[in-house]
Amino acid sequence: METSIMTIIGIIIFSIGALIIPLGRTLNILRFFFGDRSMFTQMFWGIIFICIGLFLIILDSPQLR
């Protein structure tokens, strides 16, 4: 079974989004990246990353070919 590069990128982006939501308030690197904004903004960007990652994974699924 071959794993495409688009699937790998989708998994990485999904993982980043999944980490932004719970760790956004505790990790200083993420706070500096997002400009020390509110939790709602961090949740918004986490959901955006999750959606993009899922879109890439679904787009590269073998059922769509």
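Which residue caps the N-terminal end of α1? In this predicted model, the cap is S4, a side-chain oxygen of which lies 3.3 Å from the backbone nitrogen of M6. Such a polar contact is a pair of N or O atoms within 3.5 Å; within protein, one atom must be able to donate a hydrogen and the other to accept it, and residues adjacent in sequence count only if both atoms are side-chain atoms.

Residues are numbered from 1 along each chain as its sequence is written, and side-chain values use heavy atoms, with hydrogens and water left out. Because the model is predicted, local features need pLDDT of at least 70 and side-chain atom pairs count only at pLDDT 80 or more, whereas totals for chains, interfaces and linings use all residues.

The secondary structure of the protein consists of 3 helices and 0 strands, where helices (H or I, at least four residues) and strands (E, at least two) are DSSP runs numbered from the N terminus. The order of the elements from the N terminus on is α-α-α. Of the 65 residues in the protein, 22% are buried; buried means under 20% relative accessible area, exposed over 50%, and partly exposed in between (1.4 Å probe, protein chains only). The accessible surface amounts to about 4,900 Å², and 76% of this surface belongs to carbon and sulfur atoms. These areas come from the Shrake-Rupley method with a 1.4 Å probe, and for residues only the protein chains shown count as cover. Contacts, defined by heavy atoms within 4.5 Å, were also considered by separation along the chain: among those between residues at least 6 apart in sequence, 58% join residues at least 24 apart.

Helix α1 (5-23) has 19 residues and reaches 27 Å from its first C-alpha to its last, close to the 27 Å expected at 1.5 Å a residue. The expected span is 1.5 Å times one less than the number of residues in the helix. T7, G10, G17 and I20 are buried in α1. They cover an arc of only 145° around the axis, which puts them on the same side of α1; the arc is that of the directions from the helix axis to the C-beta atoms. On the other side of this helix, I5 and P22 are exposed. An α-helix has 3.6 residues a turn, so residues three or four places apart point the same way.

T3, in the segment before α1, is exposed, with a relative accessible area of 51%. The C-alpha atoms of T3 and D60 are separated by 9.4 Å, although these residues are 57 residues apart along the chain. Within helix α1, T7 counts as buried at 16% relative accessibility. Leaving aside its neighbours within four places in sequence, T7 is in contact with I57 and D60. I8, also in helix α1, counts as partly exposed at 37% relative accessibility.

Helix α3 (residues 39-59) has 21 residues and reaches 30 Å from its first C-alpha to its last, close to the 30 Å expected at 1.5 Å a residue. Its buried residues include Q42, G46, I50, G53 and L56. They cover an arc of only 125° around the axis, which puts them on the same side of α3. F40, F55 and I58 are exposed on the other side of α3. Q42 has a relative accessible area of 0% and is buried. In space, Q42 and P22 are 9.2 Å apart, C-alpha to C-alpha, and they are 20 residues apart in sequence.

The structure holds 1 aromatic pair. The rings of F44 and W45 have their centres 5.5 Å apart and their planes at 75°, so the pair is edge-to-face. Rings of Phe, Tyr and Trp (its six-membered ring) pair if their centres lie within 6.5 Å; planes under 30 degrees apart count as stacked, over 60 as edge-to-face and the rest as tilted. F44 counts as partly exposed at 46% relative accessibility, and W45 counts as partly exposed at 34%.

In the segment after α3 lies S61, which is buried, with a relative accessible area of 17%. A polar atom of the S61 side chain lies 2.9 Å from the backbone oxygen of I58.
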